[in-house]
Amino acid sequence: MARIGVFVCHCGTNIAGVVSIPAVLEAAKKMPGVVVAADDKYSCSDPGQSHIRAVIEQNKLNRVVIGSCSPRMHEFTFRKVMVKAGLNPYFLEVANIREQVSWVHSNDKEKATAKAIDHVRIAVAKVARDEALFPKKVPLTKRALVIGGGITGMQAALDIANAGHPVTLVERESSIGGHMAQLDKTFPTLDCSACILTPKMVEIVQHPNITLLTYSEVRQVSGFVGNFDVEIVKKARKVDAKKCTGCGICWLKCPEKVSAEFNEGLGERKAIYVPFPQAVPLVPKVDLENCLYIKYQNYVEGKSEGKRPMQCRICEKLCPVQALAWDQQDEIVKEKFGAIVVATGYKTFDPSVCGEYGGGKLPDVISGLQLERMFNSSGPTGGEVLRPSDGAHPKTVVLVSCVGSRDEQRGRPYCSKICCMYTAKQTILLKEHDPEVQCYVFYIDIRTGGKDYEEFARRAQEEYGALYLRGRVSRIYEDGKQLVVLGEDSLMGRPVEIRADMVVLATGVEANEGAAELAQTMKLSHDVYDFLTEAHPKLKPVETQTDGILVAGACVGPKDIPECVAQGGAAAAKVSALFSQEMLTSDPMVASVDNARCIGCLLCVQVCPYKAIDTQVLRNGRTVALVNESLCRACGLCPAVCRPKAVNLRGFTNQQLLAEVNALWQ
Amino acid sequence: MAVGEFEPKIAGFLCNWCSYAGADLAGTSRMSYPPNIRIIRVPCSGRVDPLFVVKTFQQGADGVLVAGCHLGDCHYNEGNFYSRRRFALLAPFLDYLGIQKERFRLEWVSASEGRKFSDVVTSFTNDLKKLGPRNVLSSGGRG
């Protein structure tokens, strides 16, 4: 027998100033099943909560309706009151009489009161059909997977590992470090990037709780929070990492030269190589497309035609520890994880689509990242800034910001956030490398939000004499040995022509290659630019709509290093909090199947967005639907399509919703 | 408001993540709208069985509103696509039952669109006032 108590909150004058509380109480007392109706000045306050508990106990209530603010606000608070009063927390309904009544109908108190009464009646009808629900305990695997070995992923992995949990860090490239490893100095402190990054990289590889899988990719993810089943492909390096000492003789002697990706196409690397000297792990990989012996093997097996390639194997002959493993194959690692941090980072905009800037055809028009590699003493030019065309030292350098940012025509309307700052940094570094250099910067706006950022950008102009011109560049073309940059100074309102030795394009931030595919594998959502979507842009910046999967860093949107580090740490904190539990409690408000009614049409299986519905065969041989309660997110698509009404959504059952419909008006 | 003016009864099924939050925002922003609507919270517009809508009309509603997240923004990724298709099919059926299809509305209101929620309810209420009370056995039915 339902013994329902109705509690109406005044919310100071927020509700009571518009809605007649005595009228609501009077009406509530006459509603079916209602034993008592009481009011509180503030139901959510301590005295309010104690009063509710006392009334529940005095009247032996077993169901409660609270007429107050939106359930989105305080439903959780009142559920806790229920537990304290010894009731199942799910015997509670909240009637919204503030946001949806008093605050929007303050001009008509009578009608507002009538609507409040109706909302209370609807809640009373629903609460009478509430069922006691019990959260289930699910075991969890306290092992985390971090995807992406850039600064974000490294920070997340270290923080989780330091909290005492095992972590597997998966990186697509053959070394961790990410884009930060490519940078020479970082703004606004001009810290040497490698000096602050490499100790972290070494810490990763030496940490007892971290398993590092480089040159590996996540192929498949299934399961749910606490219990993800993940398949990782460990690609064949053709080098036995256990034997290799990283002595470097192989990549020194390899005869085959290839354009170096890590140096953004400046300079060359070998066909067996480490991307950069401080690579972690310091184990080379064989470039399967360019290695002569691999080409030879392919030729012998009839996979390629033409001239018979040389059967080189110089690396193998010279390797002092016989680490070359030509028969090494891709390996699939299957493991269970409790939580996943996605930190797959970004790539920079490809300026070759910008015809006005030379479309990638002018050798002395380079990208910001290429300049960064030139600054670096272990880069392709040994730390000297040289024109790619003739190796001369440039004296006049034009830097163009917003290349592939704030450009609607190229489908990149967003601000890439880091370019203003790295352009300012590069003007400073150019001047420091060669005091005779004059820098010109074309900009739309100078965006320097961040601690010490504005001061830094000002220093670039005031101390280092970079000339900032507000306007866009319309064309860059070669004239003899120089480049002519045509642009506009919109503050002076006149066209500008600069003869430059080199042009640097501040290319913007784009979602990384394969980001959308990875998102689909993990059923994460992404925006139109393929950046991953967080659960809430302000309050849940590292969570996703899937419990147990977190996102961090530039895979969510353009970010600078401090933000990435903060997000990596934030994601790690969420993982640690999850792993602090011995068992996971699953929300009991999920779908369930009445086996007796289920006809096995399995329409529910088709509509479920979470693949949370399986089938089971009953002892009598009938196939019926079976809900995996850990996967179910309680959207309610399945009960809406179920023809025999066998599937129901706990908390929003057909019976509850129809009871609400029946109670809509007196 | 004239005395004795027809006041339509409206029921609104609002999805928890967008439209219900949008209605809450209309409240927090004090964007008033006619007090004719009664609100039922559902997890997703895709939870709304078309029979609930028919049942609501049977209960005496002059108008029924179902509101969910904008297409592509569904909290459950695809729930509102189902509701769009489902209610496109329901509309002619309502007409067949003798309920003008203008009495049913499917709207997309996001959690940040308090203004839109208020506008939707206001225009729906005004339209229903023009349509007048619903005759349960209206002659509009065919067959």
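What follows is a set of questions and answers about this predicted model.

Residues are numbered from 1 along each chain as its sequence is written, and chains are lettered from A and ligands numbered from 1 in the order in which they are written. In this predicted model, local features need pLDDT of at least 70 and side-chain atom pairs count only at pLDDT 80 or more, while totals for chains, interfaces and linings use all residues.

Q: Why is A:Cys11 called buried?
A: A residue is buried if 20 or more other C-beta atoms (placed from the backbone) lie within 10 Å of its own, exposed if 12 or fewer, and partly exposed in between. A:Cys11 has 22 other C-beta atoms within 10 Å, so A:Cys11 is buried.

Q: What makes A:Leu602 partly exposed?
A: A:Leu602 has 15 C-beta neighbours inside 10 Å, so this residue counts as partly exposed. You will find A:Leu602 in the loop between β31 (591-593) and α16 (603-607) of chain A. Helices (H or I, at least four residues) and strands (E, at least two) are DSSP runs, numbered from the N terminus.

Q: Why are the buried residues of α2(A) said to line one face?
A: The buried residues are A:Gly48, A:Ile52 and A:Ile56. Seen down the axis of α2(A), they fall within an arc of 75° (taken from the directions from the helix axis to the C-beta atoms), so they line one face of the helix. On the other side, exposed residues include A:Asp46 and A:Glu57.

Q: What makes β20 and β23 of chain A edge strands?
A: Two strands pair if DSSP finds at least two bridges between them. The open sheet has the order β20-β27-β21-β22-β23 (chain A), with parallel pairing. β20 (365-367) and β23 (467-470) each have a single partner strand, so one side of each is left without a neighbour in the sheet.

Q: How do you know that β20(A) and β27 of chain A pair?
A: They share three bridges, in the parallel sense, and the definition asks for at least two.
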